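Biologist: I am new to this structure and would like a close look at a single part of it. Please take the charged side chains and go through them step by step.

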Amino acid sequence: MRVYFATGNEGKFREAEEVLSRYGIEVEMVDLDYPEIQSDSLEEIAVWGVRWCVERLMEPVFVEDSGLFVDALNGFPGPYSAYVFDTIGNEGILKLMEGVEDRSARFLSVVAFCEPGGKPVTFTGEVRGRIAEEERGEEGFGFDPIFVPEGDRRTFAEMGVQEKCKISHRTRALERFAEWLVARRGR
Ligand code: IMP
């Protein structure tokens with residue numbers, strides 16, 4: 001079984017490959033540079049994106065939209081994570097968190113899949129954790145150097161892809177997606 005992953009993010013693609021290969025699902029990266037709508041809902045952004053992609057590609061395709069939600073900042077940057085990362089980055093988030101005691105945060109991921117002529121289906125995943133006091137680690141991408149997942153002391157960037165994949169929000173969403181694909185194939 002083969003599906004396309006519309007993304008320009010190599011880090012996300014490597015993680016998807018790692019998870020989906022366990023289910024015997026082949027994944028191909030396609031950088032369609034699809035437009036992302038502005039919305040408070042990751043789900044809405046992903047569904048809109050995958051509809052755009054499937055119309056152009058005419059192949060089974062999924063997109064993944066994710067965000068970092070910091071409790072003390074009332075969920076900011078959330079659906080605006082990409083913009084915030086590109087503008088103020090990890091340093092900016094650390095500055096906003098200076099002197100803040102409650103450092104709890106979570107990553108959310110939404111995978112939206114669609115086949116030509118079909119309706120989009122979505123799968124979500126979450127990992128809870130905390131914002132570190134400083135950037136640590138060289139692996140991964142995005143907010144990985146400042147996110148410490150629950151039950152660990154290391155940031156995501158201090159783990160390898162394989163270790164991060166065992167617990168990440170994206171893995172959880174991708175696993176649900178893969179299980180659904182496999183169950184459907186068996187029917
Ligand atoms: P988007 O899903 O591509 O819109 O990404 C939202 C933002 O969150 C981007 O800046 C990503 O770098 C960041 N992001 C998404 N997933 C992760 C992750 O697993 N680790 C660190 N940063 C992430």
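Biologist: With which residue does Glu-64 form a salt bridge, and how far apart are the closest N and O atoms?

Modeller: This is a predicted model, and what follows is computed from it. Glu-64 forms a salt bridge with Arg-170, and the closest N and O atoms are 3.0 Å apart. Glu-64 belongs to strand β3 and Arg-170 to helix α6, so this pair ties together parts that are 106 residues apart in sequence. Both Glu-64 and Arg-170 are buried. For Glu-64 the relative accessible area is 3%, and buried means under 20%.

Glu-64 also meets Lys-12 in a salt bridge, at 2.9 Å from N to O. Here too the pair links distant parts of the chain: Lys-12 is in helix α1 (residues 10-21) and Glu-64 in strand β3 (residues 61-70), 52 residues apart. Lys-12 counts as buried, at 12% relative accessibility.

These contacts belong to a network. Salt bridges with shared partners join Lys-12, Glu-15, Glu-64, Asp-144, Lys-164 and Arg-170. One of these residues, Lys-164, also has its charged end over the ring of Phe-156, 5.1 Å from the ring centre. Phe-156 is buried, with a relative accessible area of 1%. Phe-156 and Phe-147 form a tilted aromatic pair, with 5.3 Å between the centres and 40° between the planes. Phe-147 is buried as well, its relative accessible area being 0%.

Helix α6, where Arg-170 lies, spans residues 169-186 and also holds Trp-180. The ring of Trp-180 pairs with that of Phe-123: the centres are 5.6 Å apart and the planes stand at 55°, so the pair is tilted. Phe-123 counts as buried at 10% relative accessibility, while Trp-180 is partly exposed at 26%. Both rings belong to one aromatic cluster, together with Phe-5, Phe-62, Phe-113 and Phe-177.

Glu-26 is in strand β2 (residues 26-30) and Arg-2 in strand β1 (residues 2-6), 24 residues apart. Glu-26 counts as partly exposed, at 47% relative accessibility, and Arg-2 is also partly exposed, at 43%.

Conventions. Residues numbered from 1 in each chain as written. Predicted model: local features only at pLDDT ≥ 70, side-chain atom pairs only at ≥ 80, totals over all residues. Heavy atoms only, no water. Phe/Tyr/Trp six-rings, centres within 6.5 Å; stacked < 30°, edge-to-face > 60°. Helix = DSSP H or I, 4+ residues; strand = E, 2+ residues; numbered from the N terminus. Buried < 20%, exposed > 50% of the residue type's maximum accessible area, 1.4 Å probe, protein only. Lys NZ or Arg CZ within 6 Å of the ring centre and 35° of its normal. Salt bridge = Lys/Arg side-chain N within 4 Å of Asp/Glu carboxyl O.
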